[in-house]
Amino acid sequence: MSSPKVLFGFHAVGVRLKTAPQSIIEIYYEATRRDARMRQFLDRAREAGARLIEADSVRLAKLAGSHGHQGVAARVEAVAQVTSLDELLENLEEAGIEQPLLLVLDGVTDPHNLGACLRVADGAGAHAVIAPKDHAVGINATVAKVASGAAETMPYFMVTNLARTLNELKERNIWIIGTSDDAPKTIYQVDLKGPVALVLGAEGDGMRQLTRKTCDELVSIPMKGAVESLNVSVASGVCLYEALRQRG
């Protein structure tokens, strides 16, 4: 078992209380905060049998590594998750899910963006998020906070060689669709009902050249105003929810 980690904020700690309460070692809370949200949270924590410890804002900020803790932080054990993309895809196959929906992020290094991407992937029912080890941010406390609990529920795989991983997905008949400002088709003109991996690059730079070349198809998001591109998490939401809409 890996060493304990810290989750903070109502959403992140609340999702862990809901999905794996036994993994919570202890919850620290700001005793001076007595509003309805805190009272409801503490009631849920007590119902789940969590160990509660009063703490001041300074201790919480130190524990969380951030002042955005909302008065709540928890030390938790890692929850056993699927360890590889292959394992995940095999599990989906065994469960009879023939149209996996994957989100691939090439070069997203901002933890706030990653957290928001995980949140939207969870909301849209994606099965996993994939990123390259050398051009990405890992899951940290900020990511978990922004993800509002999705960092706990959404499998996130960091792979050594993204182009090779995309080719392995192709071998499993998963269609690789990349997003690019200059693509002739829009996201609304492609079929997203089958097994699909949607590839988004970092803002500004977009996908790396090799990633772009590995895609089966490129699509754009229509931009009608003055700005040239969307934040990567917003773009992820547009693409994933279009896939969800098509899948009915």
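1. The model is predicted: local features need pLDDT of at least 70 and side-chain atom pairs count only at pLDDT 80 or more, whereas totals for chains, interfaces and linings use all residues. Residues are numbered from 1 along each chain as its sequence is written, and side-chain values use heavy atoms, with hydrogens and water left out.

2. On one side, β6 is joined by 3 bridges to strand β5 (residues 101-106), and the two run parallel, with L102 standing opposite A128 of β6. A further 4 bridges join β6 to strand β7 (residues 156-159), again in parallel, and here I130 stands opposite F157 of β7. Strands (E, at least two residues) and helices (H or I, at least four) are DSSP runs numbered from the N terminus, and two strands pair if DSSP finds at least two bridges between them.

3. These strands belong to an open sheet of 7 strands in the order β7-β6-β5-β10-β8-β11-β9, with parallel pairing. Its edge strands are β7 and β9 (185-186), each of which pairs on one side only. The partner of β9 is strand β11 (residues 217-220), with parallel pairing over 2 bridges, and T186 has S220 in β11 as its bridge partner.

4. Helix α5 packs on this sheet, touching β5, β6 and β7, and its direction makes about 170 degrees with that of β5. Together, β5, α5 and β6 make a right-handed β-α-β unit; right-handed here means that, with the strands pointing away from the viewer, the path from the first strand over the helix to the second runs clockwise.

5. How do the axes of α5 and α10 lie relative to each other? The axes of α5 (residues 111-124) and α10 (residues 232-247) come within 9 Å and cross at roughly 10 degrees, as lines fitted to C-alpha atoms over the stretch in contact, with angles from 0 to 180 degrees between N-to-C directions. The two helices are therefore roughly parallel to each other (under 35 degrees; over 145 is roughly antiparallel, 65 to 115 roughly perpendicular and the rest oblique).

6. In the contact itself (heavy atoms within 4.5 Å), N113, A116, C117, V120, A121, G123 and A124 of α5 meet V232, S233, S236, G237, L240, Y241 and L244 of α10. By class, this contact has 9 nonpolar, 5 polar and no charged residues, where Ala, Val, Leu, Ile, Met, Phe, Trp, Tyr, Cys and Pro count as nonpolar, Asp, Glu, Lys and Arg as charged, and the others, Gly among them, as polar.

7. Q70, in the loop between α3 (57-64) and β4 (72-76), has a phi near 60 degrees, a positive value in a residue other than glycine, and at 29% relative accessibility Q70 counts as partly exposed. N173, in the loop between α8 (162-171) and β8 (175-179), also is not a glycine and has a positive phi of about 65 degrees; at 64% relative accessibility, N173 counts as exposed.

Terms used
Buried means under 20% relative accessible area, exposed over 50%, partly exposed in between (1.4 Å probe, protein chains only).
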